[in-house]
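Student: I would like to learn how to read a pair of packed helices. Could you walk me through an example?

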Amino acid sequence: MWSQYSRRLVFIKLILNEGKTCQMIFHNHQKKLNTNHFEQRNLERVVNTKFLGIFLDQHQNFVCHINAVVRKLNFLLMMLRFLRKFLNDKSMVDVYYSFIYPHLIYGLEFWGHAPDYALEQVLICQKKALRISCLLTSKFQHFTPNCQP
């Protein structure tokens with residue numbers, strides 16, 4: 001099987017970097033697959049990896065990616081709280097759209113179908129960021145049911 005891939009790579013003038021290349025088999029979490037198409041090359045088999053800024057996992061539920069996004073958002077929430085003392089409302093909204101919003105929309109088409117329990121964490125971080133940016137004192141002030149996932 002490997003010789004078939006090797007011939008294709010040579011034909012299209014690509015070289016496989018074995019140091020950076022890893023193997024992941026996508027499958028349902030209820031069904032285990034033991035097929036190894038790259039047995040001759042000793043490629044590292046991984047359960048998740050980062051590809052173009054999105055963490056992919058073997059079950060395609062994107063929980064790993066959402067956890068990484070939530071970690072980034074929590075760090076940025078600390079930054080927003082600090083900046084709140086020095087910036088006006090307009091500037092805080094600009095900071096929100098500059099730092100928080102890109103993390104929320106990047107790859108949303110892929111990880112947006114993740115389980116509800118994982119997406120709930122992102123929604124909570126987004127609401128916290130909006131409360132800090134807009135200087136809302138109450139948790140329920142100006143939030144409507146349209147914020148629901």
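**Reading a helix pair**

Tutor: Helix 2 and helix 5 pack with their axes 10 Å apart, at an angle of about 15°. Axes here are lines fitted to C-alpha atoms, for helices over the stretch in contact, and angles run from 0 to 180 degrees between N-to-C directions. This is a predicted model, where local features need pLDDT of at least 70 and side-chain atom pairs count only at pLDDT 80 or more, while totals for chains, interfaces and linings use all residues. Residues are numbered from 1 along each chain as its sequence is written, and side-chain values use heavy atoms, with hydrogens and water left out.

Student: Why are helix 2 and helix 5 described as roughly parallel?

Tutor: Angles under 35 degrees count as roughly parallel, and helix 2 and helix 5 are therefore given that description.

Student: Which residues of helix 2 and helix 5 meet?

Tutor: Contact means heavy atoms within 4.5 Å. Among the residues that meet are Val 63, Ile 66 and Val 70 in helix 2, and Ala 118, Val 122 and Cys 125 in helix 5.

Student: Which residues in helix 5 are buried?

Tutor: Buried means under 20% relative accessible area, with a 1.4 Å probe and protein chains only. The buried residues of helix 5 include Ala 118, Val 122, Cys 125 and Ala 129. Their cover includes helix 2 (63-83), helix 3 (89-105) and helix 4 (108-111).

Student: What follows helix 5?

Tutor: Leu 135 does, with a positive phi near 55°.

How values were computed. Buried means under 20% relative accessible area, exposed over 50%, partly exposed in between (1.4 Å probe, protein chains only). Helices (H or I, at least four residues) and strands (E, at least two) are DSSP runs, numbered from the N terminus. Angles under 35 degrees count as roughly parallel, over 145 as roughly antiparallel, 65 to 115 as roughly perpendicular and the rest as oblique.
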